[in-house]
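Here's a quick briefing to read alongside the structure. Have the sequence handy as you go through the points.

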Amino acid sequence: MKDEDEGMRIEQVVLDAYFQCRSNRQELNMVQDNKTTQQIIDETADTLELDDKTVVTYMVEHGYLLTEDDDGSPIWMIYRMR
């Protein structure tokens with residue numbers, strides 16, 4: 001159980017760092033930068049291998065919403081600082 005808790009804490013730290021300059025809502029000086037779950041996994045892979053369930057859980061817990069991409073597939077609505 002302790003190893004599992006430590007793993008979850010490390011995943012949280014990596015995702016918190018990734019989303020430090022990103023938000024689930026548009027604010028001043030932010031641009032829309034939607035990402036798929038896989039894109040988030042790919043962009044954090046150099047730091048830590050994450051799985052889709054971890055990323056989706058994080059996104060839901062932090063209030064990110066899904067929208068439709070141009071091809072109709074689901075994509076996370078993300079805003080990042082310019």
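**Quick tour**

Gln39 comes out as partly exposed, at 34% relative accessible area; the cut-offs are under 20% for buried and over 50% for exposed. Keep in mind that this is a predicted model.

**Around Gln39**
- You'll find Gln39 in helix α2, which covers residues 37–44.
- Take Ala17 as a reference point: Gln39 sits 22 residues from Ala17 in sequence, and their C-alpha atoms are 16 Å apart in space.

**The sheet**
- There's an open sheet of 3 strands here, ordered β1-β5-β2 and paired antiparallel.
- β1 (22–23) and β2 (30–32) are the edge strands; each has a single partner strand, so one side of each has no neighbour in the sheet.
- Strand β5 (residues 79–81) runs antiparallel to β1, and 2 bridges join them.
- Looking across that pair, Ser23 is opposite Tyr79 of β5.

**The charged patch**
- Which residues gather in a patch of negative charge on the surface? They're Glu68, Asp69, Asp70 and Asp71.
- Asp70, one of that group, lies in the loop that links β3 (66–68) and β4 (74–76).
- Is Asp70 buried or exposed? Asp70 counts as exposed because its relative accessibility is 83%, and the cut-off for exposed is over 50%.

Terms used: Residues numbered from 1 in each chain as written. Predicted model: local features only at pLDDT ≥ 70, side-chain atom pairs only at ≥ 80, totals over all residues. Heavy atoms only, no water. Patch = residues over 30% accessible without salt bridge, like charges linked within 9 Å, V, L, I, M, F, W, Y side chains within 5 Å. Areas by Shrake-Rupley, 256 points an atom, 1.4 Å probe, with all protein chains shown as cover. Salt bridge = Lys/Arg side-chain N within 4 Å of Asp/Glu carboxyl O. Lys, Arg positive; Asp, Glu negative; His and termini not counted. Charge placed at Lys NZ, Arg CZ, Asp CG, Glu CD. Helix = DSSP H or I, 4+ residues; strand = E, 2+ residues; numbered from the N terminus. Buried < 20%, exposed > 50% of the residue type's maximum accessible area, 1.4 Å probe, protein only. Pairing = 2+ DSSP bridges.
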